[in-house]
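Welcome! Take a moment to look over the sequence and the 3D view, and then we can walk through a few spots together.

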Amino acid sequence: MPDISPTVVVVFCLASLAAGWIDAVVGGGGLLLLPAMLLGLPAGTPAAYALGTNKAVAIVGTTGAAVTYTRKAPVDVRLAVRIGLAALAGSTAGAFVAAGMSTDVLKPVVMVVLLGVGTFVMLRPAFGTAPSTEPVSARRVLAAIGLAGLGIGFYDGLIGPGTGTFLVLALTALLHFDLVTASATAKIVNCCTNAGALATFAWKGTVYWQLAALMAVFNLVGGTVGAHTALKRGSGFVRVVLLTVVFALVANLAYQQWIA
């Protein structure tokens with residue numbers, strides 16, 4: 001455990017609280033929490049420690065949000081678990097690749113992907129506002145398992161931030177869910193991806209467990225409150241939060257990369 005000032009620990013806890021809320025509503029809480037950790041941990045700390053500790057925090061808040069959603073939202077738990085198992089395999093593989101990755105690689109990659117996400121949602125104002133009445137075909141389910149499971153799971157283990165957002169978008173596009181149902185399903189899948197990646201980081205010894213335990217309490221509170229908010233306010237609210245989060249974080253990462 002590195003020497004971290006009490007002020008930085010407080011900032012980490014507040015970031016965990018906000019990230020838990022964001023992640024439960026629309027995903028992408030890691031885009032707030034991971035940059036905070038990359039900046040706040042002592043200089044020279046390998047990126048794997050920030051990634052691993054972030055996973056240990058995120059899995060707690062994600063689980064709390066998933067439980068809240070499954071009690072009140074129409075979630076196909078069986079389908080979510082099938083996608084989640086594929087995501088577990090993908091995130092485990094991605095975490096192995098991430099072990100030697102530099103923090104300089106993380107920020108521009110995330111920025112490019114986020115800009116694509118934000119542009120897509122802006123150009124499709126009706127995207128995810130209502131569920132389709134047509135039954136989901138087996139082909140679409142397989143596509144969801146491959147893309148939302150293996151593909152996004154690998155990204156989650158490799159980089160991490162934005163996984164929940166990408167899952168929401170993929171599930172909405174492939175399975176014609178509304179944004180609230182997609183968010184609920186994504187939480188279950190995200191639990192699996194977090195578990196796979198965390199197991200890998202723990203095996204490699206790149207998790208600050210004491211710090212993660214403290215931050216996880218705040219993340220759990222944020223995740224539970226966020227799930228209740230999304231269920232109450234509906235898909236239109238989720239869409240607004242999605243766009244706000246995406247472009248605010250792109251601006252933040254761009255500032256860190258080229259100006260700060």
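Leaving aside its neighbours within four places in sequence, which residues is Gly27 in contact with?

## A glycine in a loop

Keep in mind that this is a predicted model. Apart from neighbours within four places in sequence, Gly27 is in contact with Ile22, Gly164, Thr165 and Lys187. To find Gly27 in the view, look at the loop between α1 (6-26) and α2 (30-40).

Gly27 counts as buried, because its relative accessibility is 0%.

Next, follow helix α3 (residues 47-72) to the place where its axis comes within 8 Å of the axis of helix α8 (residues 179-203). The two axes cross at roughly 145 degrees, and α3 passes α8 in a left-handed crossing. Sorted by class, their contact has 16 nonpolar, 7 polar and 2 charged residues.

How many disulfides does the structure hold? The number is 0. A disulfide needs the two sulfur atoms within 2.5 Å.

Are these cysteines buried or exposed? Cys191 is buried, with a relative accessible area of 16%, and Cys192 is buried as well, with 18%.

How values were computed:
Residues numbered from 1 in each chain as written. Predicted model: local features only at pLDDT ≥ 70, side-chain atom pairs only at ≥ 80, totals over all residues. Heavy atoms only, no water. Buried < 20%, exposed > 50% of the residue type's maximum accessible area, 1.4 Å probe, protein only. Axes fitted to C-alpha atoms, helices over the stretch in contact; angles between N-to-C directions. Helix = DSSP H or I, 4+ residues; strand = E, 2+ residues; numbered from the N terminus. Left-handed = near helix turned anticlockwise from the far one by under 90°. Nonpolar A, V, L, I, M, F, W, Y, C, P; charged D, E, K, R; others polar. Contact = heavy atoms within 4.5 Å.
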